[in-house]
Amino acid sequence: TFPFKTPENFQHIFERFVDENLHKILPEIDVDWTPVFTIPYMHLPGDLTIWEERDSWLLDPETKENIKQAKLVLVAKSMEEGNASRAWRLSVNSAPVMDKIRKHFNNLHPRASVRKVLRLIKDLKNVALEGKEKDFLKSYNVRQALIWSIDENPNIRTEEDILISTLNKIIKFYQKENFPSFLEPKRNLIFKMSRNGLCKVGEERVKDILANLDRYMVKVKEVQAKHHKGVEDVRKMLSPVAPFLQLPAVSDCIAENVMEKMDWFSDVISGRK
């Protein structure tokens, strides 16, 4: 709401935007949140420091120091049925390793975007898998497989090679029923799946995606085209009110309301509300 009256000739446009078109630019979003605490690296248990002995081109002195500075993360395993009160896991932050990989590919000629590959795998997951099967390509696990594949194949140079190498690595992990975290190789990310006999299914599903990449890429492009058309429809519909929305008083009001909602969300996540 604005602290002044919206022009009547714009009212029907705003109402139509909210009722019919808002979903085109704000698709359904799942927010996955969990309590997290950080612990200084000096207090890390010995079994979580074995990565320091790894001989890897990704773990240069600067990256190692950044990992230590990122601290240890204590995360609630699950928010279901009160598990957050008793089931927690320690995790070494692998973000500095991903930063190392991104910088490496940004310095190539031509550049390759790791972020684009991760986004593509997520899109492939959404068109190729349904329901619980999407867990076969969990974002965290995919990032770990990507790190492993880049570590073992430092000569990879293209986004296509990153994609295929990562999917192949995921398949191999399902075949072995062991999906280790790069900085925590003793940790099996698919332990529960292996215990429930789902690794073979996961292997077959990822194999199907890899074998039919062209077909699934067509589906991904169709979904993207639909989203782009939705955004273009909204842009055309709102174009008559663009001068009004660009007025300083209006834009300031919108910015203030957005920041207020962001502050509220931050308070909820931090436990202040």
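**A charged patch and a covered helix**

Visitor: Which residues gather in a patch of positive charge on the surface?

Guide: Happy to show you, in what is a predicted model: local features need pLDDT of at least 70, side-chain atom pairs count only at pLDDT 80 or more, and totals for chains, interfaces and linings use all residues. Residues are numbered from 1 along each chain as its sequence is written, and side-chain values use heavy atoms, leaving out hydrogens and water. A patch takes residues with over 30% relative accessible area and no salt bridge, joining like charges within 9 Å; a salt bridge puts a side-chain nitrogen of Lys or Arg within 4 Å of a carboxyl oxygen of Asp or Glu. The surface patch of positive charge is formed by Lys132, Lys138, Lys192 and Arg195.

Visitor: Is arginine 195 buried or exposed?

Guide: Arginine 195 lies in helix H7 (residues 191-195), where a helix is a DSSP run of H or I with at least four residues. Buried means under 20% relative accessible area, exposed over 50%, and partly exposed in between, with a 1.4 Å probe and protein chains only. Because its relative accessible area is 57%, arginine 195 counts as exposed.

Visitor: How many of the 14 residues of H5 are buried?

Guide: Helix H5 covers residues 139-152. Among its buried residues are Val142, Leu146, Trp148 and Asp151. H5 is mostly covered, and its buried residues number 10 of 14.

Visitor: What share of the chain do buried residues make up?

Guide: The chain has 11 helices and three strands. Out of its 273 residues, the buried share is 34%.

Key
Patches are made of residues with over 30% relative accessible area and no salt bridge: like charges are joined within 9 Å, nonpolar side chains (Val, Leu, Ile, Met, Phe, Trp, Tyr) within 5 Å. Accessible areas come from the Shrake-Rupley method with a 1.4 Å probe; for residues, only the protein chains shown count as cover. Lys and Arg count as positive and Asp and Glu as negative; His and the chain ends are not counted. The place of a charge is taken as NZ of Lys, CZ of Arg, CG of Asp or CD of Glu. Helices (H or I, at least four residues) and strands (E, at least two) are DSSP runs, numbered from the N terminus. The expected span of a helix is 1.5 Å times one less than its number of residues.
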